[in-house]
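User: I would like to go through the labels used for this model one at a time. Please give the grounds for each.

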Amino acid sequence: MDKLNREQRRRCMAAIKSKDTKPELIVRKFLFKKGFRYRLNLNRLPGHPDIVLKKYRTVIFVNGCFWHGHDCKFASIPKSNIQFWKYKILRNQERDKLTIQKLANMGWNSITVWECQLKNNVRTDTLNALEHTLNSIFLMNNKKYNLKQNQLKIAAEEQVEYN
Ligand SMILES: [Zn+2]
């Protein structure tokens, strides 16, 4: 027996769909093809990031332009209930900012990919830029590590006593 009425079913379907939105899939498929390994929706982290790359200490948010208030033509506010939408979107923007700040405090880099940046005509550029950014982050993290190692070596040498 189907106990959901039409509206309930619609909402339910929408909720399921939002877990695997197409733009997120595009990013995931690209990353996988390029050899990046990631985890999905890690609930322990603030903001439940869509994609988590532990090795890169980086999370990726794939944001819908409307809901997250991107400054682009795909984010135009509906003509009715303007105040309601403005308030809702502003709240989302503030929450996003706070989430990124919290993640930064925990040592995580956050990358936001906007839905409009994954449209056919700009998709390749966006994904290449994403790959480039991830590689830069990896190098930067490793450089810091190597530097520490070198400093340790130097410190150790200075302590050597010559008789
Ligand atoms: Zn946008």
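**Labels and their grounds**

Analyst: This is a predicted model. From the N terminus on, the elements of the protein chain run α-α-β-β-β-α-β-α. That gives 4 helices and 4 strands. Of the 163 residues, 16% count as buried.

User: What makes α2 close to the expected span of a helix?

Analyst: Helix α2 covers residues 22-33, which is 12 residues. The expected span is 1.5 Å times one less than the number of residues.

User: Which residues of α2 are called buried, and on what grounds?

Analyst: They are P23, E24 and V27. A residue is buried if 20 or more other C-beta atoms lie within 10 Å of its own C-beta.

User: How do you know that the buried residues of α2 line one face?

Analyst: Seen down the axis of α2, they fall within an arc of 100°, so they line one face of the helix. An α-helix has 3.6 residues a turn, so residues three or four places apart point the same way.

User: What lies on the face turned away, and what does the buried side pack against?

Analyst: The face turned away carries the exposed residues K22, L25, K29, F32 and K33. The buried residues of α2 pack against β2 (51-53), β3 (58-63) and β4 (109-114). Just after α2, G35 takes a positive phi of about 90°.

User: Why is β3 called mostly covered?

Analyst: 6 of its 6 residues are buried. T58, I60 and V62 point one way, while V59, F61 and N63 point the other way. Both sets are buried.

User: What makes β2 and β3 a pair, and in which sense?

Analyst: Pairing needs at least two bridges. β2 and β3 have 3 bridges, in the antiparallel sense, so they count as a pair. L53 stands opposite T58 in β3. The two strands form a hairpin with 4 residues between them, and R57 in the turn has a positive phi of about 50°.

User: How do β3 and β4 pair, and how does the chain get from β3 to β4?

Analyst: β3 and β4 pair in the parallel sense over 6 bridges. V59 stands opposite S110 in β4. The chain crosses from β3 through helix α3 (residues 82-105) to β4, and this β-α-β crossover is right-handed.

Terms used. Residues numbered from 1 in each chain as written. Predicted model: local features only at pLDDT ≥ 70, side-chain atom pairs only at ≥ 80, totals over all residues. Buried ≥ 20, exposed ≤ 12 C-beta atoms within 10 Å, placed from the backbone. Arc of directions from axis to C-beta. Contact = placed C-beta atoms within 7 Å. Right-handed = clockwise from strand over helix to strand, strands pointing away.
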